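Work through the following exercises with the sequence and the model at hand. Try each task yourself before you read its solution.

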Amino acid sequence: MIYPIVAYGSPVLKRLAKEVDPSSAETKILIDDMFETMYASKGVGLAAPQIGLSSRVFVVDASPFAEDVEEKESIILKKFKRAFINPVIIEQTGELWAYEEGCLSIPGVHEKIPRLREIKIRSQNTKGDWIDEQLSGLSARIFQHEFDHIEGILFPDRMTPLKRRMIQGRLKNLSAGKVDTIYKMKFNVK
Ligand code: CO
């Protein structure tokens with residue numbers, strides 16, 4: 001099932017999401033629906049709050065980025081296609097690097113956001129096993145963007161006050177439902 005995407009300005013996007021039962025039937029259906037919704041809206045990541053559910057789940061598929069990078073990272077990005085359940089960041093290291101980000105909940109806004117290059121993470125699969133991984137570069141960036149969503153953080157929160165001021169008008173219009181997207185959106189979702 002394809003869900004509408006919850007727009008900027010909705011309280012659900014600012015809330016700390018709750019852990020889920022990784023092996024329940026609901027979680028499996030949720031993940032299937034989230035992949036379907038992400039592909040329909042041409043995103044590379046989608047977190048449960050973006051379909052109105054305050055759950056610690058997100059899906060990613062970085063393969064659209066695999067074209068623009070060197071071979072080693074390209075192979076990693078092509079395989080970076082899965083669901084993360086109840087994820088945690090164990091460690092963030094490496095240098096800060098800025099790269100332009102966008103978000104399905106904030107269409108029309110793109111801005112360079114600084115993030116750390118390397119992360120150690122832990123998350124569950126649908127059998128309930130915990131998996132430890134190390135991510136770097138774009139996959140680490142996508143993970144951190146989606147992880148922010150389940151913490152109630154959106155990428156404008158990571159902009160400088162000046163840049164945030166510059167997009168304020170657009171964010172106001174968006175919260176009020178003035179937007180034009182290829183996918184359906186839902187506004188002011190509690
Ligand atoms: Co986003």
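**Exercise 1.** Does E95 count as buried, partly exposed or exposed?

*Solution.* This is a predicted model, in which local features need pLDDT of at least 70 and side-chain atom pairs count only at pLDDT 80 or more, while totals for chains, interfaces and linings use all residues. Residues are numbered from 1 along each chain as its sequence is written, and side-chain values use heavy atoms, with hydrogens and water left out. Start from the cut-offs: buried means under 20% relative accessible area, exposed over 50%, and partly exposed in between, with a 1.4 Å probe and protein chains only. The relative accessibility of E95 is 47%, so E95 counts as partly exposed.

Next, look for the partner of E95, which is R117: the two form a salt bridge (a side-chain nitrogen of Lys or Arg within 4 Å of a carboxyl oxygen of Asp or Glu), with their closest N and O atoms 3.1 Å apart. E95 belongs to strand β4 and R117 to strand β5, so that this pair links parts of the chain 22 residues apart. R117 has a relative accessibility of 26% and therefore also counts as partly exposed.

**Exercise 2.** Which strands pair with β5, and over how many bridges?

*Solution.* Begin with the terms: strands (E, at least two residues) and helices (H or I, at least four) are DSSP runs numbered from the N terminus, and two strands pair if DSSP finds at least two bridges between them. Strand β4 (residues 81-101) pairs with β5 (residues 111-124) in the antiparallel sense, over twelve bridges; within this pairing, W97 has R115 of β5 as its bridge partner. On to β6 (residues 130-136), which runs antiparallel to β5 and is joined to it by seven bridges, with I131 in β6 as the bridge partner of S123. Finally, inspect the turn: β5 and β6 form a hairpin with five residues between them, and G128 in that turn has a positive phi of about 95 degrees.

**Exercise 3.** Which residues coordinate the cobalt ion?

*Solution.* Donors are N, O and S atoms within 2.8 Å of the metal (3.2 Å for Na, K and Ca), and water is not among the atoms, so sites may look incomplete. The cobalt ion is coordinated by SG of C103 and by NE2 of both H145 and H149, at 2.1 to 2.2 Å. Along the sequence these donor residues are spaced C-x41-H-x3-H. C103 sits in the loop between β4 and β5, whereas H145 is in helix α3 (residues 138-150), 42 residues apart. C103 counts as buried at 12% relative accessibility, and H145 counts as buried at 7%.
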